[in-house]
Amino acid sequence: MTGTERFVGELARQNKAFWVGRDARLDPQAPPETLLSQIRYRMRQGVYNELRSVELIAAWIPWVPEREIRDLLPRQLEDEQRHYQLLRRRLKELGEDSDAYEALPEWQALFDWLVACRHRPTVEKLAMFQFAGETQSCEGFETLIRLARDLDPETAELYRTQILPDEYRHAAIGRQALLLLADTPERQAQAREACREMNLKVFGAYQAHRSRADRGV
Ligand SMILES: [Fe+2]
Ligand SMILES: [Fe+2]
């Protein structure tokens with residue numbers, strides 16, 4: 001195992017440890033009707049997040065000069081666009097107009113910040129979004145699928161078969177970028193700090209998300 005591989009494994013463990021008990025968006029202990037409304041809220045916000053992910057990847061592509069990594073991003077952009085359409089359509093089937101949903105300011109701010117990070121080095125950008133963010137998304141989707149299975153099996157199946165496999169691939173792009181680029185102590189420090197920044201911002205968005213979902217607005 002190389003030093004870079006050891007570093008990437010260790011950073012993945014640190015991120016995982018950060019997230020233990022911190023994804024407040026769904027409450028597994030809540031009564032079924034509360035849980036279902038939390039799942040619906042996740043879906044509404046999810047439509048927005050997928051669409052902003054398309055915008056984010058589009059903004060980053062010109063600022064990723066490393067071809068091995070840049071070549072992987074157009075497919076991710078297409079995936080996020082497909083996820084946006086799938087979730088929007090599913091909400092429509094459930095009688096909701098997701099276009100009328102006003103995204104939470106904290107999520108808007110998170111994506112605005114990520115778009116503005118396009119000028120930062122690739123090792124930092126991909127540590128943030130793909131390595132830290134998308135890995136946490138996969139964990140979040142696993143939980144969502146498990147909790148939605150009995151309450152809304154069709155939605156759970158949509159996430160399990162049409163979205164989650166892509167998100168694992170996106171997280172793997174982050175890992176690949178770090179294995180390629182985080183090969184000096186300086187770059188490793190940059191990647192670690194980028195993950196820390198991202199995790200704290202996402203955690204803030206999760207808390208705001210849950211408190212707004214609880215208020216039902
Ligand atoms: Fe996605
Ligand atoms: Fe993704």
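**Ground rules.** I am working from a predicted model, in which local features need pLDDT of at least 70 and side-chain atom pairs count only at pLDDT 80 or more, while totals for chains, interfaces and linings use all residues. Residues are numbered from 1 along each chain as its sequence is written, and chains are lettered from A and ligands numbered from 1 in the order in which they are written.

**Elements.** I looked up the secondary structure and found 8 helices and 0 strands, where helices (H or I, at least four residues) and strands (E, at least two) are DSSP runs numbered from the N terminus.

**Overall form.** The radius of gyration, taken over C-alpha atoms, is 17 Å, close to the 17 Å of the globule rule for 217 residues, so the chain is as compact as a globular protein of that length; the rule is 2.2 Å times the number of residues to the power 0.38. I also noted that the C-alpha trace spans about 50 × 30 × 30 Å along its principal axes.

**Helices α6 and α7.** I then turned to α6 (residues 122-151) and α7 (residues 153-181), which pack at an angle of about 155° with their axes 8 Å apart; the axes are lines fitted to C-alpha atoms over the stretch in contact, and angles run from 0 to 180 degrees between N-to-C directions. The two helices are therefore roughly antiparallel, a term for angles over 145 degrees. By class, their contact has 20 nonpolar, 7 polar and 5 charged residues, where Ala, Val, Leu, Ile, Met, Phe, Trp, Tyr, Cys and Pro count as nonpolar, Asp, Glu, Lys and Arg as charged, and the others, Gly among them, as polar.

Note on methods. Angles under 35 degrees count as roughly parallel, over 145 as roughly antiparallel, 65 to 115 as roughly perpendicular and the rest as oblique.
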